[in-house]
Amino acid sequence: MFKNMKISMKLALGFGMVLAVFAMAVLFGWFRMTGVQEESRFLSKVMDALAIMNSLEIHLENARFCVRDFQYSEADDSLTKARALLQETRNDIARGLQMYNTTRMQGLKAVADMEAPLAGYSDNVEKVAALAKEKGNTLRELTAASQGLLESLEQLINLQYQYVEEELAAANLSDVERRLRRIREAESLVTETGEIRRAYSFAMVQRDAKAVAVVLPKVEVMRQKAQALLDDTRHEEVRAALKASLEQMGRFTTGVNALVSQYTQLDALHRSRLPYSDALLKAAAEISQAGMKKAQEIGQDAVRSLGSAVLVLVRG
């Protein structure tokens with residue numbers, strides 16, 4: 001049949017076959033180029049996701065730094081910066097979730113799991129801030145109590161000297177000797193108060209709750225000495241000064257107990273905060289690694305698709 005065809009028909013058929021093959025090559029190349037374009041658009045979305053995770057990691061790391069600074073300095077500025085950075089981190093997570101809901105990019109599915117650790121971390125920071133404020137109030141109360149104790153002891157000593165002069169004038173030597181002994185005891189209480197203030201101040205600098213608690217037995221010894229002086233006191237004016245000293249010692253003891261409790265709670269909060277931030281950074285790193293791997297795969301596929309499309313068109 002082909003032998004009986006006219007030459008013009010044979011030429012037309014040949015050109016038709018060439019055109020068909022060329023059309024198929026063009027169609028194949030078009031499909032490959034379309035695939036490259038789709039992969040390029042998806043790669044752009046992956047890069048956007050990577051940018052979100054990078055922003056999240058930066059904000060979280062900076063927030064951790066500010067929180068650590070607040071832990072040691074308790075500066076309001078550090079706390080304000082930490083809160084702002086944590087809000088930025090929440091915004092990054094919200095952007096990641098929005099992108100996942102829009103694109104259904106599987107790599108971003110784990111972003112939803114980051115909300116709970118961030119909430120835990122933020123809640124921990126707020127508890128630390130509230131407790132640090134309470135501790136500041138406790139320290140002011142301790143300072144006031146110790147100052148009040150020193151003032152009441154000073155009043156006690158002045159009264160004792162006043163009575164010494166009166167007893168010397170009356171030549172009552174036995175009472176003078178007793179009075180001088182009581183003055184020495186009151187002065188020892190002043191010295192012990194100063195030592196206790198230095199001890200708990202040093203313990204606070206070291207942020208050592210146990211070292212703060214060590215001063216409590218010393219305060220109790222002082223209280224017993226003051227009580228013994230009170231029991232042996234005859235003048236009502238002196239008794240009033242001693243009662244004031246005992247009251248200040250009670251305030252001081254209450255303050256130290258509160259301070260020990262607050263330092264213990266702060267230490268527990270600082271230790272419990274780390275797992276939250278570690279979980280967040282680990283999740284962000286895993287998402288970033290998955291995104292970079294996907295970006296690499298897309299790039300390789302795009303190169304192969306583009307190469308095959310060009311090769312088909314050239315051969316065609």
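Predicted model: local features only at pLDDT ≥ 70, side-chain atom pairs only at ≥ 80, totals over all residues.
Local features need pLDDT of at least 70 and side-chain atom pairs count only at pLDDT 80 or more, while totals for chains, interfaces and linings use all residues. Residues are numbered from 1 along each chain as its sequence is written, and side-chain values use heavy atoms, leaving out hydrogens and water.

Let's start with the overall layout. The protein chain has seven helices and zero strands, where helices (H or I, at least four residues) and strands (E, at least two) are DSSP runs numbered from the N terminus. Of its 316 residues, 37% count as buried, meaning under 20% relative accessible area with a 1.4 Å probe, protein chains only. The chain exposes about 18400 Å², and carbon and sulfur atoms supply 59% of that area (Shrake-Rupley method, 1.4 Å probe).

Now look at Ser 78, which sits in helix H2 (residues 76–103). Ser 78 is buried, with a relative accessible area of 7%. Leaving aside residues up to four places away in sequence, Ser 78 touches Cys 66, Asp 69, Phe 70 and Ser 73; contact means heavy atoms within 4.5 Å.

Finally, turn to helices H3 (residues 115–169) and H4 (residues 173–206), which pack at an angle of about 165 degrees with their axes 9 Å apart. Axes are lines fitted to C-alpha atoms over the stretch in contact, and angles run from 0 to 180 degrees between N-to-C directions. H3 and H4 are therefore roughly antiparallel, the word for angles over 145 degrees.

How values were computed:
Buried < 20%, exposed > 50% of the residue type's maximum accessible area, 1.4 Å probe, protein only. Parallel < 35°, antiparallel > 145°, perpendicular 65-115°, else oblique.
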